[in-house]
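Please keep the structure open while reading.

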Amino acid sequence: MQDLIREMSMYHVYFAPRGKERLLLLGEQLSQRHLSFSDRLIGIVGDAGSGKSSVINGLLPGLELVNDDDNINPMKIMQVRDLDRSFDAGTYHIDMRFQLAFTQMYEVVSFVKEALKRNRRLIIEHFDQLYPFLGMNADLIIGIGEEIVVTRPNIFGPLPKDIYDIVFTSVKYRRMAHTAEDITTMLLSTKFGYESGNWTHSDVRRGFVLNFKEKPSIDLAELESMIKEKIGEKLPVSYYDDNHIKIGDDLQYCTSPRIHLTNTGDVEEFQLISEFLYDERSDDYALVGLIGEKRVNFSDLNRLHSF
């Protein structure tokens, strides 16, 4: 029955959350819901800085990565050249963008085919770069952009590039939303006296949500005007450390400092929904910011859209 369900599955779509902790948690959930013991070739696609490493760490805890945001492991990169000694582990990670800076494509292809022959598992970032030379699709492809797309290809596809095109095109909206959200939280703190502990984060397509247990005494029109003013100042946005970014000269706490625009002026069509939305199920009040397109009907924000 499980095999039948897997064969019937085409796409699963999840919000790509902000913050390392939430990405790790989502990776763990993806492992439980989609990863099978028999999966040997797992392809990861998406742009740099989209959170791929965090999702992989949640998907396969304890896996030693070839690289992450801070380090590169030269020994792991060169493992593809020593086939006689390379297969002492059960699972291997390859980042094609890094790998091809040190080795040739034919060496990577030989390593992957030999690893599969020896019944090892491989998780390959930027799998779309390897696929044309490998000649076989992945058992599971995970694309990370504005949303996380999970698909189990069959003889009819989808191809890795199809998933890459989807997530590469959409990741700019995720960066817009995160940048606008951090401008919002900065102003909530500096202008209205609300600190980060006053809200929790949740998600909406092409935007962000801040959830409050008590309805804030904030003029949302005034807040929207302030946010748009900051966007209009075209301030540089830059990574500072693992918990902060800089917006202009201001240091701002952030749980996902690598997923932003480089300038506030690149945020498109920002708007706040003009009222706090009360959610009876969670008993909280949502402040909702939207980017990328003008929308009025907030009950239709998470509408399905074609791939």
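Axes here are lines fitted to C-alpha atoms, for helices over the stretch in contact, and angles run from 0 to 180 degrees between N-to-C directions. On that basis, helix 6 (residues 105-117) and helix 7 pack at an angle of about 85°, with their axes 10 Å apart. Helix 6 is therefore roughly perpendicular to helix 7. The model is predicted.

**Helix 6 against helix 7**

- Helix 6 brings Met105, Val108, Val109, Val112 and Lys113 to the contact, where they meet Gln129, Leu130, Phe133 and Leu134 of helix 7.
- By class, the residues of this contact divide into 7 nonpolar, 1 polar and 1 charged.
- Helix 7 (residues 127-134) also lies across strand 2 and strand 4. Its direction is at about 130° to strand 2.

- An open sheet is formed by 6 strands in the order 1-6-5-2-4-3, with mixed pairing.
- Strand 1 (11-15) and strand 3 (91-95) are at the edges. Each has a single partner strand, so one side of each is left without a neighbour in the sheet.
- From one strand to the next, the twist averages 15°.
- Strand 2 (residues 41-46) pairs with strand 4 (residues 121-125) in the parallel sense, over 4 bridges.

**Helix 3, an enclosed element**

- How many of the 8 residues of helix 3 (residues 52-59) are buried? The count is 7, so helix 3 is largely enclosed by the rest of the structure.
- The buried residues are Lys52, Ser53, Ser54, Val55, Ile56, Gly58 and Leu59.
- Their cover includes helix 2 (20-34). It also includes strand 2, strand 3, strand 4, strand 5 (140-144) and strand 6 (147-151).

- Another open sheet has 3 strands in the order 9-10-11, and its pairing is antiparallel.
- Strand 9 (237-241) and strand 11 are the edge strands, each pairing on one side only.
- The twist here averages 35° from one strand to the next.
- Strand 9 pairs with strand 10 in the antiparallel sense over 4 bridges. Val237 is opposite Ile247 in strand 10.
- Strand 10 (residues 244-247) and strand 11 (residues 250-253) are also antiparallel, again with 4 bridges. His244 has Tyr253 in strand 11 as its bridge partner.
- The hairpin of strand 10 and strand 11 has 2 residues between the strands. Gly248 takes a positive phi there, near 65°.
- Helix 8 lies across strand 9, strand 10 and strand 11, and runs at about 105° to strand 11.

**Nonpolar cores**

- In soluble globular proteins, nonpolar side chains tend to be buried together.
- The largest nonpolar core has 30 residues. Leu188, Phe212, Leu223, Ile227, Phe270, Leu287 and Ile291 touch the most other members.
- Two or more residues each come from helix 8 (160-190), strand 8 (207-212), helix 9 (220-232) and strand 10.
- Which element gives the most to this core? Helix 8 does, with 8 residues.
- Beyond its neighbours within four places in sequence, Leu188 contacts Gly193, Tyr194, Trp199, Leu210, Phe212, Ile218 and Leu223.
- Another core, of 25 residues, lies apart from the largest one. Val80, Met105, Val109 and Tyr164 are among its members.

- Ile247 is placed in strand 10. Is Ile247 buried or exposed? Its relative accessibility is 1%, so Ile247 counts as buried.
- Not counting residues up to four places away in sequence, Ile247 touches Asp182, Ile183, Met186, Leu235, Pro236, Gln252 and Thr264.
- Ile247 and Asp39 are 208 residues apart in sequence. C-alpha to C-alpha, Ile247 and Asp39 are 43 Å apart in space.
- Thr185 belongs to helix 8. Its relative accessibility is 6%, so Thr185 counts as buried.
- Leaving aside neighbours within four places in sequence, Thr185 contacts Trp199, Leu210 and Gln252.

Terms used:
Residues numbered from 1 in each chain as written. Predicted model: local features only at pLDDT ≥ 70, side-chain atom pairs only at ≥ 80, totals over all residues. Heavy atoms only, no water. Pairing = 2+ DSSP bridges. Contact = heavy atoms within 4.5 Å. Parallel < 35°, antiparallel > 145°, perpendicular 65-115°, else oblique. Nonpolar A, V, L, I, M, F, W, Y, C, P; charged D, E, K, R; others polar. Core = buried A, V, L, I, M, F, W, Y, C linked by side-chain atoms within 4.5 Å. Buried < 20%, exposed > 50% of the residue type's maximum accessible area, 1.4 Å probe, protein only.
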